[in-house]
Amino acid sequence: MMSKKRIFCGFNDSLAKSSELIFKTLGLVFLHGPNAENLKLAAFAIDSSYEWGCLPEEEYNEVKKELELENLSRIYGSLFCLGTSSLSLYESVWKTGLAMQQSRDEVRSLMHKAELIPNNPSNEPEDHLGYIYFLIGSTLEKFAAKGASEEQKERALIILQDGLSHLSWTEKLSSAISSRNIGTFYPTLINIANRLSKTLLKNN
């Protein structure tokens with residue numbers, strides 16, 4: 001496969017805007033599972049991640065082969081929705097073995113500081129991976145907003161750093177998904193987020 005042009009740069013409004021879309025898209029996919037709309041967004045996020053240097057070419061070529069909605073929906077159900085054999089998407093569970101612990105309270109507090117009210121009809125705890133990704137994406141949006149003051153940017157960066165700190169457990173989740181040998185799509189999305197997280201933390 002022919003290589004796309006790749007860009008390597010530090011943290012700036014351009015990287016913030018691209019990262020915003022990627023994190024928000026990942027939030028939708030992990031909260032609701034894949035559908036036709038967010039799968040198109042995910043494909044764009046994967047392309048953007050490759051172009052920004054956050055996805056090695058071998059991984060990029062492999063995951064691009066897997067963008068088929070029916071199969072990804074089946075895999076999502078198998079991984080995250082089948083009772084005792086499913087993998088948890090909650091930070092509290094990965095850190096303590098129990099749901100709705102300190103991590104949930106911390107992410108809820110960050111959402112309040114960021115003035116985010118999640119559309120939460122299913123009452124998912126706020127430390128669900130999808131909400132954490134959405135928090136990060138929304139904070140990046142505020143950082144890159146046209147006309148944002150230096151004070152607003154500084155406040156957004158503080159929330160961003162705290163939000164990114166809630167991704168430390170996701171490397172274990174990615175490894176657990178990969179160990180089941182049912183495709184690379186979901187661990188690749190998590191790995192993209194973790195690489196972006198390191199870039200953002202290094203450059204702000």
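This is a predicted model: local features need pLDDT of at least 70, side-chain atom pairs count only at pLDDT 80 or more; totals for chains, interfaces and linings use all residues.
Visitor: How does Cys81 count, buried, partly exposed or exposed?
Guide: The relative accessible area of Cys81 is 48%.

Visitor: How many disulfides does a search of the whole structure find?
Guide: A disulfide is a covalent bond between the sulfur atoms of two cysteines. The search requires a pair of cysteine sulfur atoms within 2.5 Å. Over the whole structure, the number of disulfides found is zero.

Visitor: How many salt bridges does the count come to?
Guide: The pairs in question bring a side-chain nitrogen of Lys or Arg within 4 Å of a carboxyl oxygen of Asp or Glu. By this rule the count of salt bridges is 10.

Visitor: In which helix do Glu91 and Lys95 both lie?
Guide: The side chains of Glu91 and Lys95 meet in a salt bridge, with N to O at 2.8 Å. Glu91 is buried at 0% relative accessible area, whereas Lys95 is partly exposed at 47%. The two residues are four apart, about one turn of the helix, and that helix is α5, residues 91-96.

Visitor: What separates Arg155 and Glu151 along helix α8?
Guide: Arg155 and Glu151 form a salt bridge of 3.7 Å, N to O. Arg155 is partly exposed at 43% relative accessibility, and Glu151 is exposed at 57%. Because they are four residues apart in helix α8 (residues 150-164), their separation is about one helical turn.

Visitor: How many residues apart in sequence are the parts that Lys198 and Glu171 tie together?
Guide: The closest N and O atoms of Lys198 and Glu171 are 3.9 Å apart, and the pair forms a salt bridge. Lys198 lies in helix α10 (residues 185-202) and Glu171 in helix α9 (residues 170-178), so the parts tied together are 27 residues apart in sequence.

Visitor: What span should α10 have at 1.5 Å a residue?
Guide: Helix α10 has 18 residues, and its end C-alpha atoms are 26 Å apart. The expected span is 1.5 Å times one less than the number of residues.

Visitor: How many of the 18 residues of α10 are buried?
Guide: Residues with under 20% relative accessible area are classed as buried. Helix α10 is largely enclosed by the rest of the structure, because the number of its residues that are buried is 13.

Visitor: Which helix supplies the largest share of the lining of the largest cavity?
Guide: The count comes to one cavity of 30 Å³ or more, and the largest cavity holds about 30 Å³ of space. Its lining includes Glu66, Ile75, Phe185 and Pro187, and it divides into seven nonpolar residues, two polar and one charged. Both α4 (69-80) and α10 supply at least two of the lining residues. The largest share, three residues, comes from α10.

Visitor: Where is Met100 placed?
Guide: Most residues other than glycine have a negative phi. Phi of Met100 is a positive value, near 55 degrees, and Met100 is partly exposed at 47% relative accessible area. Its place is the loop between α5 and α6 (102-113).

Visitor: In which loop is Glu115 placed?
Guide: Glu115 also has a positive phi, near 60 degrees. With a relative accessible area of 67%, Glu115 is exposed. Its place is the loop between α6 and α7 (129-144).

Technical notes
Residues are numbered from 1 along each chain as its sequence is written. Side-chain values use heavy atoms; hydrogens and water are left out. Buried means under 20% relative accessible area, exposed over 50%, partly exposed in between (1.4 Å probe, protein chains only). On a 1 Å grid over the protein atoms alone, a cavity is a set of points where a 1.4 Å probe fits but cannot get out, and a pocket is an open set with protein on both sides within 12 Å along at least five of seven lines; lining residues have an atom within 4 Å of a point. Grid points are joined across faces, edges and corners, and a volume is the space filled by probe spheres set on the points. Ala, Val, Leu, Ile, Met, Phe, Trp, Tyr, Cys and Pro count as nonpolar, Asp, Glu, Lys and Arg as charged, and the others, Gly among them, as polar.
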